[in-house]
Amino acid sequence: MAKRTAARLLAETLDAHGVDLIFSVPGESYLAVTDALIDFPRIRLIVCRHEGGAGFMALADAKLTQKPATCFVSRGPGATNVSIAIHTARQDAAPVVFFIGQIERKDFGRQALQEVDYAKTFSDMAKLVIDVRDGRLLSDAAARAYHVARAGTPGPVVVVLPEDMLNDDTEGVPVCGPRALAGAAPRADDLAKASEMLGQAERPLLVLGGAVDHAKGAAAAIRLAEAWGMAACTVFQRPHQFPNGHAHYAGNLGVYAPGEQMKALREADLVLCLGARMTDLSSNGYSFPRAPIPEQPLIHVYPDPDVIGRVWQATLGVACDPTLFATLLAAQSPKPSDTRRAWVERLSAINRRIKSYQPRQANDGVAFGVVVNELSRQLRPDAIVSSDAGNFSGWVARYMNFSPERPHVGALSGAMGGGVPGAVAAGLRYPGRQVVGVAGDGGFLMTGNELATAMLYDVPVKLFVSNNASYGTIRLHQELRHPGRVTSTELRNPNFAKWAESFGAKGLRIAKDADAAPVVSEALEHKGPVVVEVATSLYHLTPAATLDDLARIAAKRAARAQ
């Protein structure tokens, strides 16, 4: 009888943790694991085309399920390729366990082929790096990794697998199952203080973050906003956490919020951050709430006590389950005042006006908003939208309507390349749901090859490529900082529709406004994968500014500097 190897023990541990999807690029350093997984048909090993794509898929899966996702890559080049996803998982507080192959134990320190000291390389990106030198400890290491990935502030954990260790004899070693998370309830005096502060406020603002990014959290946030008469904002890359059509929704706080909206939000006389760490992008460069000392009272509720007080000085900091806090606080609410109702109605009206798309005329292509507006109109209520990073995503943030039932997947880190893999992962996780991926031409050619993964596993994703032949975000900064000196941002792209057809997918193109409605409809009705190339206007670089607008801003800045 064959011995029970460490690789077999790891497969048993993954099964015990309920792992059903593993995103990977195969490598000889962990072939023993892929072989062991054959005996566990409930676990699907998804073979991707690049480690960055595999990592982004795991990242999207973690965000959509709010559970630890799993990624396997090989040593050296595989590990460094996946580092973009490890970094993004840390910035996005997404629980992902990365299993990385390693050289044989006898070769450590000899500069063997593809040797990397992962404890050094990933010490600043991962929450924890576990280097397993004894196969009998592998189950415990994996269980610890899944636990740490979701405890406190969620994030990435790296487990290092020396190739020869996977063949260690593990007869008699027990399988470690999932470990219970420690939870904390709010104290009675914290709830009383929060109730007192809210009762005294006339213009309170509720800011929602990732720790309430699930069905119970969303429901609790809605009840809290309605009960206390609060306006509610979502943070950067999480616009779906509060229904965008709800009467209390005040918009997406952060980098894409227009000046008019931010001016009104700054009138808040109390901010309740519920489950939000906040970042520079979500706080408009640490200006709202202002760091380190906010201009208005701040109630900060987050499960991890290390987050509270790290950047902002909170008037009241509560380290507890934010969903439970919202549920208990909602039950204590008084009847909202007329002043508070007027505040909510005013912010809601501003947001509705901002999200109402007004057609733009362009001589160099289609303003991308017309396509986003059409997608928002035609998508099913439970569609999933995966958006890449880039200037085009400003149109998505402004004109797409999201809700807890229609979630958005995007990278808080600003990493390009997540749009296509995120869509593929969503389709694998939720077969039967409508899944759309949106990317710019720059990000699309970084990981668009994962269309091959969609074809391999029959995932009918609909991918929309905003092609303005430019690295748009960099062009925007270039226009503002170095006006009239365009360099390094122009791109030469393929015909994306024909490119898609070479994979066996359907290729479509939108070249003018009138194409948007019928082409979006055709794409969504097609049974298989589709790539829609949008000939996007470069002149209309963002929803708020044209190239001429940027030139005028740059000129004013230069005049003030003289």
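Biologist: How many cavities of 30 Å³ or more does a search of the whole structure find?

Modeller: The model examined here is a predicted one. The search covers the whole structure and keeps cavities of 30 Å³ or more. The number found is three.

Biologist: Which residues lie nearest the centre of the largest cavity?

Modeller: The largest cavity holds about 120 Å³ of space. Strand E9, helix H12 and helix H14 each supply at least two residues of its lining. By class, that lining has seven nonpolar, six polar and two charged residues. Of the 15 lining residues, those nearest the centre are Asn252, Gln261, Asn351, Ala397 and Arg398.

Biologist: Which element gives the most to the lining of the second largest cavity?

Modeller: About 90 Å³ of space lies in the second largest cavity. Its lining has 15 residues, and Phe56, Val409, Gly410, Ala411 and Gly418 are the closest to its centre. Two or more lining residues come from each of helix H3 (51–65), strand E13 (384–387) and helix H15 (419–429). With four residues, the element that gives the most is H3.

Biologist: Which residue of E18 is the bridge partner of Phe464?

Modeller: Strand E16 pairs with strand E15 in the parallel sense over five bridges, and there Gly437 has Leu463 as its partner in E16. Strand E16 also pairs with strand E18 (residues 530–535), again in the parallel sense, over six bridges. The partner of Phe464 in E18 is Val532.

Biologist: Why does Val301 count as buried?

Modeller: Val301 is placed in strand E11, which spans residues 298–302. Val301 counts as buried because its relative accessibility is 0%.

Biologist: How far from Cys320 is the nearest cysteine sulfur?

Modeller: A disulfide is a covalent bond between the sulfur atoms of two cysteines. The structure holds zero disulfides, and Cys320 is accordingly in none. Cys320 is buried, with a relative accessible area of 2%. The nearest cysteine sulfur belongs to Cys273, at a distance of 14 Å.

Technical notes: Residues are numbered from 1 along each chain as its sequence is written. This is a predicted model: local features need pLDDT of at least 70, side-chain atom pairs count only at pLDDT 80 or more; totals for chains, interfaces and linings use all residues. Side-chain values use heavy atoms; hydrogens and water are left out. Buried means under 20% relative accessible area, exposed over 50%, partly exposed in between (1.4 Å probe, protein chains only). Two strands pair if DSSP finds at least two bridges between them. A disulfide is a pair of cysteine sulfur atoms within 2.5 Å. On a 1 Å grid over the protein atoms alone, a cavity is a set of points where a 1.4 Å probe fits but cannot get out, and a pocket is an open set with protein on both sides within 12 Å along at least five of seven lines; lining residues have an atom within 4 Å of a point. Grid points are joined across faces, edges and corners, and a volume is the space filled by probe spheres set on the points. Ala, Val, Leu, Ile, Met, Phe, Trp, Tyr, Cys and Pro count as nonpolar, Asp, Glu, Lys and Arg as charged, and the others, Gly among them, as polar.
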